[in-house]
Amino acid sequence: MRIRRCAVVHTVWSPTVTVAGLCLLAGPITYAFNNILQSSESAVMLVVAAVIMCSIVIVMYLITRSKIKNKMYYWFGLFAFTSAVDIFAALEADGIIAGFMAVYLKYGEPYLFSPWGSIAAYWDGTVFLISYLIMAYCASNGISYRNLGIHYSAGIINSMIVLLLGGCLSESGMTWCTMLNIPYVIVPVVIGVQCLLEERNWKSSRTSTLVDKLLALFLFGATLAGLLKGLACLGSQQQLPVWYKSNVEPITMQTTPAPFAWIQGLIMIFYFVPSFIILAFGLVFCPNAEWMMDLSLLVAGATSQAGAAQIGMSLHPSTLTEHQMPSLKDLTAFSLFWATNILTAVLPQIIAVWLCYLETKKHDTVKSNSQLSSSNVTNRKSGQKGRKHDIHSTEPERRKHDKGIKEKKNANMKKITNTETENKKKA
């Protein structure tokens with residue numbers, strides 16, 4: 001009996017621990033940056049920040065250069081460090097801490113000193129930071145991070161579009177430090193393209209189920225909600241968009257220091273709404289298509305960041321009172337606010353989980369069970385054939401064996417008789 005030896009996969013944790021350790025240095029570095037660099041020159045801040053970022057990459061390379069299987073690890077490590085910096089920027093902007101990012105928020109990127117800037121920084125320092133750590137672990141061990149990479153890249157690209165357009169339209173305008181966001185535009189695009197080009201080992205021939213049709217129906221409601229938001233941001237003079245803009249989401253009218261919510265509303269109608277329609281079509285007619293899973297991840301990533309920022313801005317204490325979320329006194333506006341935002345932000349996450357995990361796992365389980373049963377049937381048939389073959393194959397062999405024994409006995413008897421006759425003649 002042969003014993004099969006399975007290859008043991010050694011998991012390397014030290015590169016991920018290195019990234020987490022460097023993230024802990026974000027506090028001391030931002031404190032030193034704020035208190036030593038008391039300069040109002042944005043160009044100087046750009047140079048110093050670039051030197052710090054390059055130093056972080058060099059330190060990671062010196063520590064982990066012989067343990068990395070995917071070079072994207074260094075980008076994930078750098079972005080994890082900057083995400084930790086964003087936590088201090090958000091806390092500084094909200095007045096919770098002081099002396100860490102005040103100089104940068106005042107002279108570097110002043111448009112971040114806003115409700116949208118705070119919520120985006122909190123999102124970077126929590127959701128994106130966890131994503132960077134997971135992808136850094138996967139990259140250091142040569143593990144695929146396809147689904148997470150697609151979801152993350154869509155979310156960060158949506159954030160960068162709103163940030164850069166908002167910076168252009170802000171009161172302060174774009175500064176030299178705005179160039180620090182260039183890697184956050186290029187690298188996520190590269191990550192998304194790499195993940196989309198990576199082959200997905202899954203094929204299905206399933207048809208649309210009742211759950212698919214229900215999700216498509218809810219997507220129809222999300223499409224109407226996105227159209228209503230977009231028309232309100234485009235300045236439609238129809239009664240419903242005007243009422244929605246002034247009563248449900250007045251945050252879209254806040255333009256100080258930048259019209260971030262208005263920009264997000266335009267992205268909603270021009271990009272998210274067509275994606276909702278395509279997803280609804282796919283759920284009804286071709287739920288087994290591979291592009292459906294990829295599209296659901298892209299839409300889920302972008303809408304998660306957009307929805308968190310939109311809701312966060314409406315609840316943020318620094319938002320003007322007339323632009324905050326409607327109160328319970330206006331129950332219709334209050335209910336519509338949460339219904340539209342849940343449909344456009346939470347529903348895509350449910351669809352992505354359904355298509356990429358729940359339904360895929362269910363299909364794989366059914367497939368493996370059917371394969372197991374078919375293999376058992378074939379094994380039984382082959383076993384029966386083998387037993388029949390053994391019965392027929394051993395019968396002629398047995399005859400040959402018996403014939404050989406008889407021939408040996410006859411030869412021995414002849415020898416004995418020959419020797420007896422020779423002895424009689426001699427006598």
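The following exercises, with worked solutions, concern a predicted model.

Residues are numbered from 1 along each chain as its sequence is written. Local features require pLDDT of at least 70, side-chain atom pairs count only at pLDDT 80 or more, and totals for chains, interfaces and linings use all residues, while side-chain values use heavy atoms, with hydrogens and water left out.

**Exercise 1.** Describe the secondary structure and the burial of the chain.

*Solution.* Step 1: the chain has 14 helices and zero strands, where helices are DSSP runs of H or I with at least four residues and strands are runs of E with at least two, numbered from the N terminus. Step 2: of its 427 residues, 45% are buried, buried meaning under 20% relative accessible area with a 1.4 Å probe, protein chains only. Step 3: among contacts (heavy atoms within 4.5 Å) with a separation of 6 or more, 79% join residues 24 or more positions apart.

**Exercise 2.** Determine where leucine 105 lies and which residues it touches.

*Solution.* Step 1: leucine 105 belongs to helix 5, residues 102–108. Step 2: leucine 105 counts as buried because its relative accessibility is 6%. Step 3: leaving aside residues up to four places away in sequence, leucine 105 touches Ala89, Glu92, Ala93, Pro110, Leu112 and Phe113. Step 4: 9.8 Å separates its C-alpha atom from that of alanine 90, 15 residues apart along the chain.

**Exercise 3.** Is serine 296 buried or exposed, and what does it touch?

*Solution.* Step 1: serine 296 is found in helix 12, residues 290–315. Step 2: its relative accessible area is 1%, so serine 296 is buried. Step 3: beyond residues up to four places away in sequence, serine 296 touches Leu279, Pro348, Ile351, Ala352, Leu355 and Cys356.

Methods: Buried < 20%, exposed > 50% of the residue type's maximum accessible area, 1.4 Å probe, protein only.
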